[in-house]
Amino acid sequence: MLLFGAASQIFAQQTGKITLSGVVKDDDNGETLIGATVFEAASGNGTTTNEYGFYSLTIPQGNDSVSIEFSYVGFQTTMFRILPKADQTINIRLSTGIQLQEVVVKANSFEESIRSTEMSVEEISTKEVKLIPTLLGESDILKVIQLKPGMPSGSEGSTGLYVRGGAGDQNLIVLDEALVYNANHLFGFFSTFNTDAVKDLKLYKGGFPAQYGGRLSSVIDVRMKEGNNQHFAGTGGIGLISSRLTLEGPIQKDKSSFIVSGRRTYADIFTRMINKSNEGDPEYNPIPDYYFYDLNTKVNFDLGEKDHLYLSGYFGRDVFGFNGDFFDFSFSWGNRTGTARWNHVFSPKLFHNLTFTYSDYDYNIETKVTGFSFKVGSDVQDANLKSDFYYGLNDNHTLRFGGNITHHSFGVGRLKAGTDDGEINFSGGNDFDAWSMATYFGDEMSFGERWKLNAGVRLSGFYNEKFYAGVEPRAAAVYSVNKGMSLKGSYARMYQYQHLVSTSGISLPTDIWYPTTKLIKPQHSDQVAVGWEKLLGGNKYLITNEYYVKWLRNQVDFVDGAQLFANDRLEQEFAIGKGYGYGMELSIEKQEGVVRGWIGYTLALVRRGQFNTIDDSKVFAGGDRYFYPRYDRRHNVSVVVMYDFGETRDRKGLATNRWTISGTMIYGSGDRTWLPVGRFAFQDVYGADFQPITPVYGQRNAFRLPYFFRSDLGITYHMFPKWGESDLNLSFFNVTNRRNAFFLYIEPQYADDVKPEETPLAIPTGLKAKQVSLFPIIGSLTWNFKF
Amino acid sequence: MKYFFQKSNISGQLLWPSFIFLLFAFFITACGNLEKEINLDLPAYQPQYVVECYLEPGQPFTLLLTRSSAYFDPFPTDPLAYVENILVDSAEVVITHNGVDYNLANTPFLNPSTLKVANYYSSQLVPEDFDNDFALKITLSNGQTITSTTRILPVVPIDSVVVEFDDVKDTLARCLTYLTDDPSTVDYYRRMIHQNSLVDSIPDQDFTTNDDYVDDKVIVFGTGYDYKEGDTIYNTMFHIERAYFDFWNSTFNAINSNGNPFGQPSSIVSNVESSDGRAVGIFTGLSYDRIMTVVTK
């Protein structure tokens, strides 16, 4: 334990009560700890640190000293004795030593979870993310979160999330409070979050606190590391497809720090070499260039005891290119975010955060064919000013209130094409300028020792052609049956004013964000969840069981045969309907010890229906009835296990383990798909092809693909050289080599002497259904280091 | 503002999903054999009636009435048996225009110049009338009826066809097709371009479009540098109604969705109605301008 700011008595005390406040940090690197517990046993009062590591705890005034306990999972619990006579600022640093046998490390997060009004929340430690085997050895925090109950992905290998029956565009993903519009690379196979740069990820599936809004189904709040303010340090890794390097250190020790973290894939370096070696071979088809990169940067400054300034930025892009003799093609897409935050402590009770964020997402496609060029792109930019207050009113009330205003700028389907000589040119696209705003108030209340209630309301509004407003009540309650068990319930209404134009179950970079307009109303949802949590096995295991029902309104879908690409009248392709979902999630988790992990099971159902088209002449077949969307998965089981073994000592002499074996297993009902049930022959007019197989599609998504099963295995060897730490990770993705269905298609069969591509009147002899999979067993080796 | 399309067998809007699919296909190929044959147990299917009737002024009335089949029903190996298997006979087909009934007899008809077939035919010629509706009524042998209404649109003539050789590779030429659009109306077009033959060659381009992007009169359709000296290029520009535009697009969207994980299947948007809801098809006028051009330097 270290005390880095002298306890000071700075504010007048309140009659009979005093307030303790301060910041809890990691002793090793000075990073603030989010969600650390501060507890005073005599009064039973406790709290947790907020997103900035700040806490405010009100306890009874007295003449006898009391112990304040500071704890955080993976860190040594620290007791600090004070004389509770007046308000005090106590800044604390907690140190690790997790494997040091003589130190008791408390797995406090389970106990805190039992006491907390928060439910439907998942948190992931980036340390564990790196140990869990993933596709091509790329550790990915979104892929790991998909292993939690209620979080099925969009398709195999995808980082898309379909939370509790919500659509893929209903997830609010924020990085240092800046909205990330497209959180993935390479069509969703990898997320934009470089685990070396991420400090904390918190995901809400329900019971949303009032400070969050804008999406219906989940909130994924990602916080970047702040940078080591104690000493210069580096982290990195060399993997099969990418390498990473993070550098961080103090600008002024204890006062300010920086972090720069980059990641880039390098397949393009090899493909260029292969292309070059095959130059001149007329039979050789060059391999297109592809790479992506992420760059995270952050600096932060202590501006005295009461003020702290953070500046952070993220820049990521995918670049795809092909240069041929007659044909040049480039396609790039990416996000840029920037955040400036100023924390100010007005008093031990009142903490304020003023944030300005900027978010930008765009894609651009450019094609050049001899004498002709074609450019298409879309973009969205947000500039957001946000003010959040955290007020520890007394030991029974903690208030959060604030508001924000955002300017949105949408460029939808910008198109420009023409010949180089200017003889032919055309262009199209729509621009929208919109404003959104919200204000919120929430109060976390305690009623005796057993009851807690977090109630609030969010008022949101959006202006684009027309003003829409939404009243979003939120409430979450917990009843502690005893120290090891609690019952919970929550209700949340959410409004969403932006819609993703996408018909695919796969996240594509060309998916367009489209604002609410005169014709397109905001989506909204209501979710009720109840559940219980119980500690078992000496508080080592946490069982969570939740049940939810969700109603969705003004859901966006697209008419049959929607033309979503380069369409100036995109609204006419929309259909608006309703949806509902319900389900049950059960999990058992163990966070500490040599064997860690969780088992999760989800039983879920989601349906959508009562769709009406915006344009009366368009068709949304079967949309008046309720149907299952593609992502309706009835059952989902996930198992994650990590096991440390081979005792050794690290370079500080602390006990640790040499090896970690990790394994995951996922079983899930197959995705739903829409298949033809009939066919007819279409002769067409003079000059057109005869089509012997024109499919007649049956009921929407009535067919389910075969069940999904995949298990991954990883083994990590930890090394402790003099200069730092490193590990070698060997992982196998899809270790059973199961062929999971990515999609189905029907292949016509022809007689041996018929070539259908050359025969206008070719009639098949039969049809065969085929299943296409994406990934066989894939092994990868990654070397990670830290100094 | 003008309009231009590159060579493609599919509509411009479908290019992007197809491109992504090609990327995936490349990836899948690179990963080895990731395909396998499976058995699908599809639900029972009740066949529908399928109508194709195109009214071309100055040509005889013809109509093709067929039935659909369950998706995995076997295909007769003999082409004649295949055709007989899908034809629906013994129906009464009447097209009414300006109070005149045109009865189409149930007789096989093969147009020798187009090689298109019909099973209902009248030797009477379709009158050229752009101002009055044509009404179709089919009474099936089981008493069910299929109806539809359409109106023939006037031809929008091709202004000119220009063949240009590439400055650098002067052996290859592109073809530019100019059209004057009426900016005061929303018009729909189907564009086809064939090389050397209309009958037995698959079109180089075949797509529909509307005049959304056009804010002056002239639309230009183009190709890549795909033609060499001596080639014959057939430019065809159909002026189509919205119903045909929707039918054609939905039909080809349904066809192209097979095997494309990024495609969205769709129902066929038809303009025929039946008393039992089991008919699909198109009843429309056929107005087009076609220009044949021989590529010369």
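Domain bounds here come from an automatic or database domain assignment. On that basis, the centres of domain 2 and domain 3 of chain A, taken over C-alpha atoms, are separated by 5 Å. The model is predicted.

**Domains of chain A**
- Domain 1 of chain A covers residues 2-104, and domain 2 covers 121-223.
- Domain 3 of chain A is made of two stretches, 224-739 and 778-786.

**Domain 2 against domain 3 in chain A**
- On the side of domain 2 of chain A, 55 residues are in contact with domain 3, where 102 residues take part.
- Strand E11 (178-179), strand E12 (184-185) and strand E14 (198-204) of chain A are the elements that give two or more residues to the domain 2 side.
- By residue class, the side of domain 2 that touches domain 3 in chain A holds 22 nonpolar, 21 polar and 12 charged residues.

**Chain A against chain B**
- Contact between the chains involves 74 residues of chain B and 68 residues of chain A.
- Helix H3 (residues 242-257) of chain B supplies 7 residues, the largest share of the chain B side that touches chain A.
- That side of chain B divides into 40 nonpolar, 23 polar and 11 charged residues.

**Strand pairing across the chains**
- Strand E44 (residues 766-772) of chain A pairs with strand E1 (residues 35-38) of chain B.
- The pairing of E44 of chain A with E1 of chain B is antiparallel and runs over 4 bridges.
- Opposite Val772(A) stands Glu35(B), in E1(B).

Key
Residues are numbered from 1 along each chain as its sequence is written. Chains are lettered from A and ligands numbered from 1 in the order in which they are written. This is a predicted model: local features need pLDDT of at least 70, side-chain atom pairs count only at pLDDT 80 or more; totals for chains, interfaces and linings use all residues. Two residues are in contact if their C-beta atoms, placed from the backbone, lie within 7 Å. Ala, Val, Leu, Ile, Met, Phe, Trp, Tyr, Cys and Pro count as nonpolar, Asp, Glu, Lys and Arg as charged, and the others, Gly among them, as polar. Two strands pair if DSSP finds at least two bridges between them.
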